[in-house]
Amino acid sequence: MKTSSFLVCFLVLFLFSCKETHQPKAMDLANATLVDLSHSYSKETVYWVTAKEFELDTVFAGQTDKGYYYAANNFATAEHGGTHIDAPIHFAEGKQTVDEIPLKKLVGSAIKVDVSKNAKNNPDYLVSIDDLKAWEEKHGIQIPEGSIVLLETGFAEYYPNRVKYMGTDQRGDDAVKLLHFPGLDPEAATWLVENRNIHSIGIDTPSIDYGQSQYFKTHVILMTNNIPAFENLTNLNQLPEKDFTIIALPMKIKGGSGAPLRIIGVVN
């Protein structure tokens, strides 16, 4: 009986200690650094050269006859412009729309791959498999499973100067041929899909495909695998290369192929 009682007590203590050990920790926002990775929306907002630009109409702004101040606006915008999300359905039939993307793909641990030195003088730079492997070699780990991967090209410093940021300030179908900005090499996108299990990806340029892309292969590869992309990010230079959290919450448009995005980095 003594032995049996001892074993029961030991088991209870063991289970209790396991429970305590594996209790999830709440995110410490009070002591964290919050980095805003979104551009604001205005008449300066950069849109794809064929997309409807942002419009803000004042409904009312001023003192009312009741004695209080009141302000209200209407706005109109394309899904894909400014800091926004590309939902998988944007380039993959039958894949997730904005409202169907699981929150775990939008909120979670993240890494940053900084290629700004390589891209600085090359607006057609393609983030390569070697760039991704270089990050792993530098940090001595593989890109962690379930990561949100951010690509820093340094081009956010040119925003909203369209000529420097995207290669042209012209608009319309003919302007597509004039686009120049870095993106993710389709071979690197394939490598990520086949060798690393990432939740989502983002970049500080107008598109995850580089400006001169004609077939948007990187979009197709990622989104066929239900990996959403964040585009037109900013302030990536304020993030470390690992050990931070991303919170990326788009406007929840039912059936949407994309949406305006408020995205922040949380650095503890």
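S147 is placed in the loop that runs between α3 and β7 (148-152). The model described here is a predicted one. With a relative accessibility of 2%, S147 counts as buried, because the cut-off for that class is under 20% relative accessible area. The side chain of S147 reaches the backbone oxygen of P144 at 2.7 Å. Beyond its neighbours within four places in sequence, S147 is in contact with S109, I111, N197, I198, H199 and S200.

Helix α3 itself spans residues 129-139, and its buried residues are D131, L132, W135 and E136. These residues cover an arc of only 140° around the axis, which means that they lie on the same side of α3. The face turned away from that buried side carries D130, E137 and K138, which are exposed. The cover over the buried residues of α3 includes β5 (107-114), α2 (116-119), β6 (126-127) and α5 (186-195).

Both ends of the helix deserve a remark. Just after α3, G140 adopts a positive phi of about 70°.

Helix α5, one of the elements that cover the buried residues of α3, contains P186. This proline is partly exposed, its relative accessible area being 23%. Not counting residues up to four places away in sequence, P186 touches K217, T218 and I221. P186 and N225 are separated by 39 residues in sequence and by 13 Å in space, C-alpha to C-alpha.

Strand β12 (residues 258-267) is mostly covered, eight of its 10 residues being buried.

| Strand | Sense of pairing with β12 | Bridges |
|---|---|---|
| β1 (residues 33-36) | antiparallel | four bridges |
| β4 (residues 84-86) | antiparallel | three bridges |
| β11 (residues 244-250) | antiparallel | six bridges |

For I85, the bridge partner in β12 is A259. In a regular strand, side chains alternate between the two faces of the sheet.

How values were computed. Residues are numbered from 1 along each chain as its sequence is written. This is a predicted model: local features need pLDDT of at least 70, side-chain atom pairs count only at pLDDT 80 or more; totals for chains, interfaces and linings use all residues. Side-chain values use heavy atoms; hydrogens and water are left out. Buried means under 20% relative accessible area, exposed over 50%, partly exposed in between (1.4 Å probe, protein chains only). Helices (H or I, at least four residues) and strands (E, at least two) are DSSP runs, numbered from the N terminus. The arc is that of the directions from the helix axis to the C-beta atoms. Contact means heavy atoms within 4.5 Å. A polar contact is a pair of N or O atoms within 3.5 Å; within protein, one must be able to donate a hydrogen and the other to accept it, and residues adjacent in sequence count only if both atoms are side-chain atoms. Two strands pair if DSSP finds at least two bridges between them.
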